[in-house]
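Here are a few notes to read alongside the model. Have the structure open and follow along.

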Amino acid sequence: MSEVTERLAALAPSEQSLLGYLFWLSRPRFWFYLAGPVVVGVVYAADTVSEFFTPLTVALFLYFLVPANVFLYGVNDIYDADVDEHNPKKSEEGKEVKYRGDAIVVMIVFLLTAIGGLFVPFLPVEGIYVLALFFALGAEYSAPPLRLKTTPFLDSLSNGLYILPGVLAYLAVARTFPPLLAVAGGWLWTMAMHTFSAVPDIEPDRKAGIQTTATYLGERGALAYCGVCWLAGAALMALVHPFLGGVFAVYPLFVAGIVAADVDIDRAYWWFPVLNTLAGMVLTMAGIWVILYG
């Protein structure tokens with residue numbers, strides 16, 4: 001990690017405490033993977049700036065910023081304890097904590113799922129279905145009986161769950177679905193995002209006997225799959241609006257650049273949150289611009 005990152009990490013709570021453990025379990029680097037779509041969904045559903053900050057939109061953002069990440073990665077770690085023995089990201093020198101098996105952690109993970117249910121009275125019926133789908137996919141990605149992460153292509157497809165907070169936020173503000181082409185484009189984007197993130201885990205997953213899209217296709221094949229999904233997602237977004245297509249076109253260019261420059265995928269993996277943050281910022285600022293000056 002860079003010196004700046006190390007200094008920031010030093011300010012975070014120690015993983016030895018329960019609070020610190022939950023903090024690191026929630027993968028702070030990836031918090032905006034769920035919370036970012038909420039921001040984008042709110043901005044593109046709103047007609048006025050005042051709609052950005054309502055009790056419901058703020059609560060959705062805060063829930064998907066931390067508690068939903070504790071739920072999502074907590075379930076993953078609970079059911080992947082054996083697998084993670086082979087994962088270098090979970091080693092002593094790794095960047096993620098290893099599940100320690102505390103009963104209280106299990107209780108907190110499931111309590112946070114129940115807390116998400118408090119949104120139900122404030123959502124349209126469609127929003128309730130979307131919220132239920134998020135929890136179902138989030139749990140069954142790692143948990144039996146489906147354990148979708150162990151089936152090539154279904155592991156990728158199920159990770160459309162990352163776009164669902166944005167759909168939910170859009171529904172909360174506009175009380176109607178966002179354009180279906182945008183949802184489909186976003187779903188393809190998350191499919192590629194998942195497989196790209198799984199490429200560094202190819203060898204650990206193979207040692208653990210887990211089949212994923214990445215292990216099935218191999219590194220080069222998985223990167224090609226990501227490029228195709230991202231390109232298709234960008235094409236669908238362009239049908240909604242050319243600007244959206246332009247922003248999403250950065251992703252196939254990103255993976256093409258990695259392949260062309262022969263960049264180590266373990267290194268490129270840690271650039272990805274930065275790319276997502278920048279893309280989300282551009283989308284959000286453009287949406288605000290339209291409201292203010294469009």
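1. Start with the aromatic cluster: Phe30, Tyr33, Tyr162, Trp189, Phe196, Trp230, Phe248, Tyr251, Phe254, Tyr269, Trp270 and Phe272 make up one such group. Rings of Phe, Tyr and Trp (its six-membered ring) pair if their centres lie within 6.5 Å; planes under 30 degrees apart are stacked, over 60 edge-to-face, and the rest tilted.

2. A word on the source: this is a predicted model, where local features need pLDDT of at least 70, side-chain atom pairs count only at pLDDT 80 or more, and totals for chains, interfaces and linings use all residues. Residues are numbered from 1 along each chain as its sequence is written, and side-chain values use heavy atoms, with hydrogens and water left out.

3. The whole structure holds 29 aromatic pairs. One of them, Tyr63 with Phe119, is edge-to-face, at 5.6 Å centre to centre and 70 degrees between the planes. Tyr63 sits in helix 4 and Phe119 in the loop between helix 6 (103–116) and helix 7 (125–140), so this pair ties together parts 56 residues apart in sequence.

4. Are these two buried or exposed? Tyr63 is buried, at 3% relative accessibility, and Phe119 is buried too, at 9%. (Buried means under 20% relative accessible area, exposed over 50%, partly exposed in between, with a 1.4 Å probe and protein chains only.)

5. Now look at the lining of the second largest pocket. Helix 3 (32–45), helix 4 (55–65) and helix 16 (272–293) each supply at least two residues, and helix 3 gives the most, with four. (Helices are DSSP runs of H or I, at least four residues, numbered from the N terminus.)
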